[in-house]
Amino acid sequence: MMNSSPRRRPPYLAEIVTAVALIAAPFVLPYLGSAPNTVNRILVWGLFGIGFDLLFGYTGLLSFGQSALYGTGGMVAAYLLTRAGFPHVITALVIGTVAAAVVGWLVGLVALRRTGIYFAMITVAIAEVFYFVEFNPLADWTGGENGLPGVPTPTIDLGFTKLSFTTGWSLYPFLAFCYFIGIVIALRIVRSPVGAVLRAIRENPLRATAVGHNIHAYKLSAFVIAAAYAGLAGGLLGVLQAFMPPEAFTFDTSGQLVMQTVIGGRGTLFGPLVGAGVWLFLQDFLQNSMHLGAAWKLVLGLIFVILVCFLRDGIVGGLRDLWRWMRRSRTVAEAPQEAAPVEAVPPPGPTAKALRARRAASTSTTSGPILQATGLTKRYGGVVANSGIDFSVERGEIRGIIGPNGAGKSTFFKMLTCEVPPTSGKIMFGGRDITGLGVTDVCQLGLTKSYQVNQLFNRLTVGENVTIAALAALRGKFRLDLLRNIAKVPGLEDQVENTLARVGLTARREVPVSQLAYGEKRRLEIGLALASSPDLLLLDEPLAGMSPRERVETVKLLKSVAAGRTMIVIDHDMDAIFELAQRITVLQEGRVLVEGTPEEIRANAKVQEAYLGGVHIEGHA
Amino acid sequence: MEDRNKKVAGGRRDFIRAGLGLAGGIALPGLSSHAWAADQAPIGTWPAGVKGNSVFIGIAVPRTGTYAVQGEDELKGWQLAVEHLNSGHPLIKQISPKSKKGGVLGKEVKIGVADSAAKPNNAVQAEQGFITQNHAMLMTGSTSSAVAVALNKLAQREKVLYVTGISGSNDTTGKDCVRYGFRQCFYGQTAAAAIGPVIVKAYGKNKKAAYLTPDYTYGHTVTKSCQDYLATAGWTTVTNQVAPLGAPDYSSYLLNVANSGADVLINVNWGHDAVLSTQQAQRFGILDKMKLVIPYQIPFLAPEVGNNLTAGVYAATDFWWTLQDQYPLAKMFVQEFEKKFGYKPEWGANNAYMSFALWAEAVENAGTFYPPDVIKSFEAGRKIQSTVGEVYFRKEDHQLVRPVFIVQGKKQSEMKGKEDFWTVLETVPGLPLMQKPDAFGCNLGDYT
Amino acid sequence: MISWSNFLSQLINGLALGALLALISSGLTIIYGTLGVLNLAHGAMFMIGGYAGFAAYQATGSFLVAVVAGSLAVMVLGIVMERVIIRHFYSRPHEDQILVTFGLGIVFVEAIRRIFGSESRLVPAPASMSGIVDLGFMMYPTYRLVLVGIVAVALLALYIVLYRTRLGMIVRAGIEDPVMVDSLGINVYRVFMVVFGIGAMAAGFSGIINAPVVSLTPEVGEAILVQTFVVVVIGGVGSFPGAVLGGLIAGEIVSITSMFNPGYAYVMLFAAMTLVLMIRPRGLFGAIGRE
C-alpha cells in the first residue's frame, strides 16, 4: 500500500522475501512432492496474473479477455522461434511482449469505452473472437488446432560461459528470474503515483475523475501493462511446453486466471501465484491421490464460490488481514460518534501557494467576475431542470444558493463543474469559456466541488484520499510515472499535511474511511475538494446530516477555508447560509428568483412564499 | 519524508542477489550432464528410465470430449498389449519373436494414463509429467492428429520415443515428421488412394462431391487427398463445409450441402462429430439425395449412428474384426480381446496393440533401450508379422507400410451377429498407396 | 452457395435458432434489468434444464413430463440460488456479482459432469413431432419447425405474465426503478426472487426443448451464454421486446453468414455486439444510462 505509516516497515521487504523464496524453492519443494514442471507452470501463471491483478485487483476492471493477449504474445514469440527461424529466444519473448502490449492498446481503446458489466461482456466477446481468428483465418501463422510445436528453450551466451536452460529444474531459474523481474516492476508501479490513481479508480471512478485525473488514460495504461505481462507469460508458456497451444486463447484460460487470482487474493500481486499453486496442486492431488477424476474442477469451483462469498480478498488477502488484526490489537481504533472539534486552522502551505500561483500565471484575466454563467439551461427530455440562468460571482466572494426542493440547485452545480453539459448557455471561468469541457479539465483549471452525498475512496485511508486529490493538482491529469515512488513527488507531503490540518483530520490520517464518523467523512469530502487548492470551491450541502454542534464547527471551517478564494455554497440550513454568505441567490423551479444580501433575502416576500407559501421564515429550515 | 528514500540502493542490491541465485541455481544437479564412463552419454530419459526393473510408458488418451468413445477402445488395446508383454503371450511372440516373458528386455512394462480430451495442450502437459516424474521410455496417445503432431515435437525435443495412437493426418509423417516418432496406422493419403477407385467404380466418373471437413490438420489433409485423387477421375468439389471440432449443430453446414447439388457426401468428420453430422444429415433429407462416403472410418460409428444409416456406405479402415478369417494373428488378437473386454475390438484397439508390439520388437532387436539404437532398429526395415499380414517401417518417414481395407456397411437383414456391421470388400496393399517419401516435406531430425 | 433455396432455408434455420435465443435471452435480460446482476450461470441453467428433462425422460418415457421437469427444476434452482447467494451480493460491487455467478456456472457444469458423465445424451423428440418435412425447396426436420411454435407460445405466455398480470407490472416497475418499488411498500426482495425464478425457468425450459435438436453435453450452455449476451446487448438491457427482436436478429445474422461460411457466424455476432456497444450502447429498446 502507499504507506506513510509512522511504523517503519523495512523497505523492499516484499522483494527480498520473494527472492529468497524463489531461490529456496528448488531445494525445498521436491521434498513436498512438487514436480518441476508444475512449479514452472505456477510461475508462468503467476506472472500472467501479476498483470491481471494490476488490472482487476488494483484498478477494478474485471476482464475475461486476458487470454487474447496471452495467446497473442505467445504466438508471436513462438512463430518467430519456429516458423520464422529466429535464433534468439529472449529477443523473441521481448518482441512477443511488445506485440501483446500493442494489441492490448488497440483492444483497450475499444473495450474501455464502457465500464462494469458491459466491459466484462465486451472482454468475453474479445476472448471468443481472438480464439476464432487465431484458429481459422490466421491458421497459417498460428498453426490452427495444432498450435506451434517445436519452441526451443533459451540459451544465454555470456562470453565466458553458456547458460543452457532445458527442461524441468533446469528451466526453473530462467522462469524464476522472469517472475522476479515482473514482481519488482509491479511493486514499483503499485508504490507509484500511478498505483495510487489506479486504486482511486477502483474505489470511486466518479470522484477520481472529479479531482482531476484522466481516468480513461490511466485505465488504458493499466490495460496495456496487463497485456504486456500476459504476452510475456504466453511466450514463456511456449518455451516451457516446447509447444504453443491454441488453448491459450480460450475463454477457459481467462476464466482460470480469474479464478486463480480471486482464490489467491486480488489486489495483492502475489495472489495469482498462490492461486495458481492451489489450483495446480489441487488438480493433481484430487485427480491422482483422491481419484476424483474429472471432479477436481467441481471442487475448485466450490472453493472459488465460497471464497468470493466469504473471503473476498482471497488467501493472501485473508492472511494479510489476519496479520493486521493481530498487530492492531495494540492500538485501539474506535469510530467516534462525532468529529473532533476543529482546532486552530493553519494557513495554506507553500505547495498550496505554489499551485495557485501557477494557475494565476496562466489565466488570461485577473479582473472581473471569476465565474459568469449566461443563459444556462438544462433540459432532460421534457423536463426543464434549469432555465435561462444568468449568474456571476466576484473573486473572493462567498455566495450562497438556496431554494426549495426541486429548484434545480444540484443540476445547476453540475453544469458549473461541467459534470453535465448545458442544453444551452455559456459558462466563463476566470475569463475562459469552459462550456462543454469535462469535469477533469475544469478541476485542473481550479474549480472543484464537494458533493452532497459523500464521494470518497472508501477502502483507503484518510491520508490516501487526500493524496489522490493532491496528486492530480501536482502532476496534471495524466502522467505515466510508473516507476517513481510516491513519496518522492515534490510538494505532495506538504500539501497533504496542510489539507488535513485545514479540515481538522490530521489525527485521523491512517484511519480507513469506513471507520470515520459521519461528520468526519463530510470534512474529508471538503478536504478532497480542497486538496488541489482551487480558486473556486463549490460546496453542495456541506452541512447535510450534521448534528448542531458539528454544524457550528463546519461553518467555522468553511469560513477559514474561504480565505483567499471564492466559494459558492448550497444548503438548506438558513442560519448557516446567512452567516456564511455575503450574497445569496435564490432558485425556484429552475430559475433565479432573486439575488441579494442575506438581510434582503430574509425579508423578501417572494422568497417566503416560495418556501412556505406565505409564512414568515424563521429559524432553520 | 520516508527513510526508504535513503535505501534506494537496496533495490539494486536485490538484483545482484537474484543474479547470484541464478548462478546458484545453475549448479543444481540435473542441469549439467556428467560425463559417463560408458561410451553413450545420457539422452532423454535414458538410462534413468531403465535403472530399475521396470520400464514406463506414458499414455495421453481422450477419455472425455468428442473422441472419448474411441479413446477408451484404444486404451484397452494398450492395456492388453502390456499384459501380453509382461506375460510373454504367444501372440506377442508371433509379432516379436525375441520377446520373452517378463516384459521388454526383462523389464516389466508399466503405464500411466492421462486424459487428453483430444487437446494437444493437455497431452503435452501430461507427457511432460510422465517424462520428468516417471522417466517414461516411450510415449503414446493421440486420437486427434493435432495431439500427434504436438507429441511428435515434444518427443524430438525431449529425446523420448513416441508411437502415435490414431492419427489420420498426412502431416504426422509428412511435414511434421520427427526422428523420434513412428506411426502404425493408415492415413489420409493411403485412405483416399484406397477408397478412390472403389467409389469411382461404384458411382461413376465426373461426379460432384460435397465435403464435410473438421477444421484441423486431419480434416484438411484427408479432404485434400480425396480431392486430389478424385480429380483424376473427373470428380469436382461443389462445396467444402469446414466445421470446428465439437460443433453441436451442423444445420447451417448441412443446408449448404443440401443446396449444393452434389451426388456424393464425403464426411471427413470423426468421432462424435461424425455421429452427429451423419444423423443430422439424414434429418435434413441429404442421405436420400446423396450417397455417403466415409474415407477414414470411425470406430463405433455404425452402432452409434444406427446401421440403417451406414448400410451400403463405403469406408476405408485400418482393421475390422472379420479379418480374423484372413489373418491368423488377427484371429488370435480378436479372441484375446473379446475374452478380456467382452466385445470385438475396433481398429483403434488394434492400432494400439500393434504399436506397442512393434516397439517391443524394435527394442528386443536392438538389445537396448538406448533411443538412437531403437530408432535404427525400427528403421532397419525388417518384415514383421502383424494382425494384418506382413508389415515393415519405411525408414524415410517412419510410416508403417501396411494394407488398407475397404469395407461396406451391412443392412440390418444381412447382419449375422450384433457386431457384424461391415463387410470387408477389398484388401489394398499399402506401398502403392503411399506418397513418395519426400512428397510431403518430411525431414526427420537428429538422432541425438 | 447463394441460391434462393439456400437463402430461404438458411433464413428458416436462423428463425429456429433466433426464436430459441429470444426465449433464453428474455430470461437473462429481466434478471439483469431488475436485479442488475449479470447471471453468468445462465448458460449452465440452460444445460441443467436439458439434463433434468433427460433424467425425467429416462424415468417416465414421456417428453411432456421431461419438459415440465426441466423447467421446474431450473426454476427451483434459480430461486434457491437467489435466496441463498445472490441476495447477499446486491450491495457488493458489480464485479463480485459477476464472479459469483461465474463460479456458480462452473460448479453447475462440473456437478452435472460428475453425475452424468461427459458423453452426450440424447432426448429424442416425441414421435408425433419427429420426421422430416418437405417444404419443396428444402427438407427440414419437423421438430425444428415445431420448436419455433413452442417457443412462440412460451414467449406469448411470458408476455402475458409480464404485461397483463399484477406481478408482471411490479416486475416491470422493478426493472425501471427498484428503489421506488421498495418505497411503495412492495417487498422488493420477493420480487427479485420471483424474477430470478422466471428468468431461470425460461433458460431451463429452453434447455429441455432444445435437447432433441443438439444432443446434451455439459458444455452445451457455454456457447449459448455468449450468444445471449449478444442478444441482450443488441436488444437492450431489461427489455423483453428487445430480447425477442434481438434474438431474431441474432438468429438471422448467424443464418445469413452461414450461407457464405458457417464458421464465421459467431464472429459476426460478436462483431455486431461490439458495434452496438460502440454506437448505441443502450441497444434497440434499452433505457439510457443503464450500465
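Let's start inside chain B, where 17 residues of domain 1 touch 19 residues of domain 2. This is a predicted model, so keep the confidence values further down in mind as you look around. Which elements of chain B supply two or more residues to domain 1's side of that contact? They are α2 (68-87), α5 (145-158) and α14 (347-366) of chain B. Sorted by class, domain 1's side comes out as six nonpolar, eight polar and three charged residues.

As for where the two domains sit in the chain, the domain assignment of chain B puts 48-186 + 322-402 in domain 1 and 189-317 in domain 2. The C-alpha centres of domain 1 and domain 2 of chain B are 29 Å apart.

Now hop over to chains A and C. Each side brings residues to their contact: 29 from chain A and 29 from chain C. On the chain A side, the elements giving two or more residues are α5 (116-135) and α13 of chain A. The top contributor there is α5(A), with 11 residues. That side of chain A, the one touching chain C, has 20 nonpolar, five polar and four charged residues.

Helix α13 (residues 296-310) of chain A and helix α4 (residues 94-116) of chain C have axes that come within 8 Å and cross at roughly 155°. Why call the pair roughly antiparallel? Angles over 145 degrees fall in that class, so α13(A) runs roughly antiparallel to α4(C). The crossing of α13(A) past α4(C) is left-handed.

If you want to click through the residues, α13(A) contributes Lys297(A), Leu298(A), Gly301(A), Leu302(A), Phe304(A), Val305(A), Val308(A) and Cys309(A). Among the residues they meet in α4(C) are Asp96(C), Leu99(C), Val100(C), Gly103(C), Leu104(C) and Arg114(C). Taken together, the residues of this helix contact split into 12 nonpolar, two polar and four charged.

Finally, how confident is the predictor about chain A? Its mean pLDDT is 86, with 93% of the residues at 70 or more. Within chain A, helix α10 (residues 215-241) has the highest confidence, at a mean of 95, while strand β3 (residues 162-164) has the lowest, at 76.

Key
Residues numbered from 1 in each chain as written. Chains lettered and ligands numbered in written order. Predicted model: local features only at pLDDT ≥ 70, side-chain atom pairs only at ≥ 80, totals over all residues. Domains from an automatic or database assignment. Contact = placed C-beta atoms within 7 Å. Helix = DSSP H or I, 4+ residues; strand = E, 2+ residues; numbered from the N terminus. Nonpolar A, V, L, I, M, F, W, Y, C, P; charged D, E, K, R; others polar. pLDDT = per-residue confidence, 0-100. Axes fitted to C-alpha atoms, helices over the stretch in contact; angles between N-to-C directions. Parallel < 35°, antiparallel > 145°, perpendicular 65-115°, else oblique. Left-handed = near helix turned anticlockwise from the far one by under 90°.
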